[in-house]
Amino acid sequence: TQQNLHLELDATQGALDFAHHFVAPISYQQLNATVDFSFVEEGWELSVNDIALVSDEVSLTADLAMGFLKGNETNMSLLANITEVDVSNIGLYYPLTSMSNSLVSYLNNALIDGKVTQAQVLLNGPLARFPFIENEGVFIVNAELEEASFQFDEQWPSITAFAANLNFTNNSMLITGRSGNLVGLDVSGVQAAIDDLGSEQILVL
């Protein structure tokens, strides 16, 4: 026997609390979504479609699906688009359970100001295996950074007027500069990479 639940979510002035997964609850002025939940003897399926979240810090649209069948792992798929995030607030959206403390500290210190004009998040795979170190699934964050100040190393001066692509794929990070200045030098094309975010991070320029 299959049981179904359907909800139309329309909420204002609240916050989503993901416990230890993010540094703080994510507040919103408006949140809309369509929720469908199906329960059967062998498992369950959840889909949350047409998610639209608007706050002072971020605008987000997304679709999410999760499912579990007896004898299998819980799987999750997520596609989200994020626009206009001020770098000063970006630390609110780091998934802390998939990032080491040293990486979070590095990004908080390296990203001084600027904005993320757009970002796309794709996740598909068994939730317990995230961030898919053995490639059991796919996790990609692809973001465009504009008008930023960025400090690759505390011993270096900051890059100013920095535009770059930030890419997180599963357990790795790659930053590719599009334009910017480092004490008068053009840093177009500069790359910084960390191959394994889960262990001791080695930044390669």
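Glu-73, Arg-129 and Glu-136 are linked in a network of salt bridges, a salt bridge being a side-chain nitrogen of Lys or Arg within 4 Å of a carboxyl oxygen of Asp or Glu. The model is predicted, so local features need pLDDT of at least 70 and side-chain atom pairs count only at pLDDT 80 or more, whereas totals for chains, interfaces and linings use all residues. Residues are numbered from 1 along each chain as its sequence is written, and side-chain values use heavy atoms, with hydrogens and water left out.

**Exercise 1.** Describe the contacts that Arg-129 makes in the network.

Solution. Begin with Glu-73, whose side chain meets that of Arg-129 in a salt bridge at 2.9 Å, N to O. Because Glu-73 lies in the loop between strands S4 (59-69) and S5 (75-86) and Arg-129 in the loop between strands S6 (111-126) and S7 (138-150), the pair ties together parts that are 56 residues apart in sequence; strands here are DSSP runs (E, at least two residues), numbered from the N terminus. Next, Arg-129 also forms a salt bridge with Glu-136, with the closest N and O atoms 4.0 Å apart.

**Exercise 2.** Locate the salt bridge of Arg-178 and state whether each partner is buried or partly exposed.

Solution. The side chain of Arg-178 meets that of Glu-144 at 2.9 Å, N to O. Arg-178 lies in strand S9 (residues 172-182) and Glu-144 in strand S7, so the pair ties together parts that are 34 residues apart in sequence. Finally, Arg-178 is partly exposed at 47% relative accessibility, whereas Glu-144 is buried at 15% (buried means under 20% relative accessible area, exposed over 50%, partly exposed in between, with a 1.4 Å probe and protein chains only).

Notes. Helix = DSSP H or I, 4+ residues; strand = E, 2+ residues; numbered from the N terminus.
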